[in-house]
Amino acid sequence: MRKEHFRKFISLSMALLFAASSASCSSKKHENKIIKESDTWYECNSFEISNLYPKDKYDYSEFETAGTIDDCIYMRVQAMKSYEGDSKNMTEEEYLNSFETSILKFSFDGELLEKTDYHSVADNGVYKVLQKAWVSDGRLNTLEENYVADTGKITYFLNGEEITVSENKYDYYYQSLFIDDIYTINGYTLYTSGYHGASLNIINPDGSVDEIYLYEAVNGGVEQTGRFIQGENGTVILPVYTSSYEEVFISIDPVTKEVTELEGLYGTSGFWVEYASGKSIARDFSGFNLVDQETGELTLLFDYNDVDESLSDIMEAECFYVSENGDELILGIETAVNTGRYTTEWGYKIMHLSKAASNPNAGKTELILTTTGDYYFPDESDFHAIRQYNKSNGSYFIKNIMPYEGISDDMPVYKDVDADIFLAYEPSMDPSDSNRYIDLAQYIDLNSDSFKEEYFTNAVDAAKAGDALYRVPLDISAEGILTASSNVPQGQKGFTFDSYVKFVDEVCNGTDPMTKTAGYKMGKAEYFTRLFTNMSELFIYDGKVHLDGDDFRALAEYVDKYGTEDAEIEQDEYYDSLIEEHNLAVAQVMEAIDDRNAQLEGRSGAVYGNLYSFDTYVDCYLLYGNGIGMYGLPSFDGRGPMTVSHCFVSVSAATNHPEACADFVKLLLSYDIQKTRTGNPINRKALRTDCEEVLAEYNRMLSNGGLSYYHYSGEVPEEAIDNYINILSSSYGGMNAGSAIEDIIREEAYSYFSGGRSLDDVIPVMQKRIQTVLDENK
């Protein structure tokens with residue numbers, strides 16, 4: 001089973017939120033490797049263990065790897081059998097008997113060799129369950145728990161022998177009688193117990209017990225402990241979460257009872273070390289590495305790209321077997337298939353990797369793909385596209401390289417990647433794009449009727465730089481003012497400045513959603529910048545900046561009169577994180593509407609938000625029926641909501657193979673790939689498919705009473721999908737002025753709104769600075 005403490009490497013992907021990165025792309029052509037027969041490749045035989053527990057017979061099943069012995073894989077499984085009839089009428093005995101806990105023994109090829117049941121309910125009311133199974137010292141170990149229903153007494157059995165768990169003197173919450181985790185090595189038994197597992201007990205071979213209080217042994221105290229991991233030279237490693245929520249690793253010597261906080265590979269260097277088959281395996285952003293136990297030197301064992309398997313599964317899998325020569329690996333991963341918004345089917349996949357005699361991709365040209373953007377870890381659909389491209393293309397092979405190496409001061413270290421293809425998350429269009437990327441409009445017929453019918457062309461138009469398309473959007477969302485449609489005249493798409501002032505005064509009781517919506521609160525400088533970029537084609541066109549007209553002054557005067565002073569905007573840490581993520585969770589949007597309703601004595605009010613998925617819209621629909629709409633920000637012409645895309649793909653101007661790269665871009669836009677994308681896919685058919693699945697799940701939940709807390713009653717009609725698609729289709733693709741230009745606008749606007757300079761002083765400075773940026777990047 002995938003455990004949090006196992007996945008330090010994966011947690012690094014969250015740290016990418018704070019890593020500064022940008023695409024490194026020079027105009028100099030770079031060399032592309034030709035794959036040779038002798039290049040490493042692994043064949044993969046994978047099998048799903050969850051198939052042994054079909055959904056028509058089991059309500060759920062959970063899997064955990066115990067380890068391997070003599071070319072056999074041992075798995076611990078806990079499942080719950082389906083109950084025929086109304087579960088509310090189940091007796092206690094029927095409920096307890098519905099559980100099943102077993103050890104499964106498989107061959108490396110996936111054949112089930114043996115199944116041993118451990119779960120039982122005795123006549124005397126003793127409930128027996130297998131709590132943990134693991135392999136150490138060359139044998140399978142088990143911890144069983146016997147629970148007496150009448151008294152609540154728990155007894156533990158290690159490998160069939162009862163062990164005594166005594167209360168420790170540091171436990172003030174009476175939890176020391178419960179084992180949190182346990183491990184055995186060289187005749188010693190280690191277990192954690194007490195409040196949050198803060199007490200470590202070591203049972204020596206002679207039966208004596210030594211107790212170590214981890215609060216005193218670990219700097220920063222202990223908030224929670226993880227699961228034991230076998231270390232080197234007879235030691236055991238324990239992940240510990242300190243009181244300041246930092247993860248540290250301690251090494252425990254059961255002989256000397258010495259506890260040491262680890263550094264380097266086992267600490268915070270950016271690697272996660274696993275112990276498999278007597279070897280230390282360190283994973284990083286590239287693959288699995290063998291660790292020299294004396295020097296700490298790493299030797300690449302397996303590159304994530306060297307197998308035909310899901311890259312995301314390979315990167316997140318647990319390694320629990322490595323052959324002596326490294327030609328075989330056994331990986332395991334908990335899999336999840338979302339069967340609805342509220343339901344997920346969990347499984348467990350075993351992957352047996354064997355080194356191939358030759359590389360089947362020999363002769364193909366290698367194309368390098370990487371990611372840019374502070375937030376970006378590839379979407380599952382991106383990995384799916386890479387795999388499909390590599391299997392179907394006879395001439396090219398895409399290799400994914402994460403642009404990070406190791407950790408410094410708990411931060412991922414960015415590295416330049418000389419790539420052919422760039423996947424970017426929330427980039428700002430920049431004038432230098434023309435020097436860094438090729439114009440993909442020459443490879444995609446953007447003006448054909450078929451393209452216009454198949455895709456949201458407004459998102460494509462919003463991504464253009466003139467007629468050129470350097471970044472192709474892969475998704476679409478709409479951003480604007482969310483309110484009840486009864487609050488806005490029929491047929492109105494957005495607000496002029498005058499109509500917005502009236503709307504704020506009459507509908508919102510004088511509270512501007514742009515300055516008060518949780519997660520989007522903004523002062524005058526940011527308010528001005530947001531409206532400027534929404535209408536930037538009025539101020540920047542034909543390669544020139546025009547800020548000396550009446551429109552610019554009118555915009556500045558409007559914001560100065562109706563905006564909120566920057567000093568008055570108080571952003572707490574929670575809502576700051578929402579801004580950084582750029583998505584306001586619909587729960588916050590709805591709470592804000594509800595809060596506003598209370599303040600307005602029943603009037604709907606409004607919030608500033610983003611329809612980043614159909615779920616968002618259906619949540620609104622469930623609250624207000626078809627009386628909810630999204631409208632454009634205040635502007636001179638009352639344009640509709642702003643088109644926003646989060647994920648883009650670009651092709652380097654330095655690539656020698658633009659057509660092959662463009663073929664991959666087309667694949668990313670295809671229905672088969674787009675229907676697996678998170679959020680709103682830019683492919684219309686894929687979006688409708690996703691909406692239909694979400695709608696069916698909502699209506700199923702409504703019919704079962706699972707969404708009774710919503711105001712709306714009755715099934716959500718099919719027209720909700722059409723309404724949603726119409727909102728996305730009508731959103732306006734205002735030109736994104738570029739990150740450097742936005743910074744200039746924000747800085748100069750702040751100097752005006754804070755009273756530092758007059759508007760007459762600001763205009764020529766802002767205009768000159770923006771023009772310089774444009775000229776430098778021609």
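Good morning. Let me begin with a definition: two strands are said to pair if DSSP finds at least two bridges between them. With that in place, I turn to the structure shown above, which is a predicted model.

I shall start with strand E18, which spans residues 247–252. Its partner E17, residues 236–241, is joined to E18 by six bridges, and these two strands run antiparallel. Within this pairing, Val 240 stands opposite Val 248 of E18. E17 and E18 form a hairpin, with five residues between them. In that turn, Tyr 245 has a positive phi of about 65°.

E18 also pairs with strand E19, residues 259–261, again in the antiparallel sense, here over three bridges. Ser 251 stands opposite Thr 260 in E19. The hairpin of E18 and E19 has six residues between the strands, and Lys 257 takes a positive phi near 70° there.

Why is E18 described as largely enclosed by the rest of the structure? Six of its six residues are buried, and therefore the description applies. Both faces of the strand are covered. On one side, Glu 247, Phe 249 and Ser 251 are buried; on the other, Val 248, Ile 250 and Ile 252 are buried as well.

Which residues form the negative surface patch? They are Glu 92, Glu 93, Glu 94 and Asp 150. Of these, Glu 92 is found in helix H2, residues 92–97. Glu 92 counts as exposed because its relative accessibility is 55%, and exposed means over 50%.

Thank you for your attention.

How values were computed: Residues numbered from 1 in each chain as written. Predicted model: local features only at pLDDT ≥ 70, side-chain atom pairs only at ≥ 80, totals over all residues. Heavy atoms only, no water. Patch = residues over 30% accessible without salt bridge, like charges linked within 9 Å, V, L, I, M, F, W, Y side chains within 5 Å. Areas by Shrake-Rupley, 256 points an atom, 1.4 Å probe, with all protein chains shown as cover. Salt bridge = Lys/Arg side-chain N within 4 Å of Asp/Glu carboxyl O. Lys, Arg positive; Asp, Glu negative; His and termini not counted. Charge placed at Lys NZ, Arg CZ, Asp CG, Glu CD. Helix = DSSP H or I, 4+ residues; strand = E, 2+ residues; numbered from the N terminus. Buried < 20%, exposed > 50% of the residue type's maximum accessible area, 1.4 Å probe, protein only.
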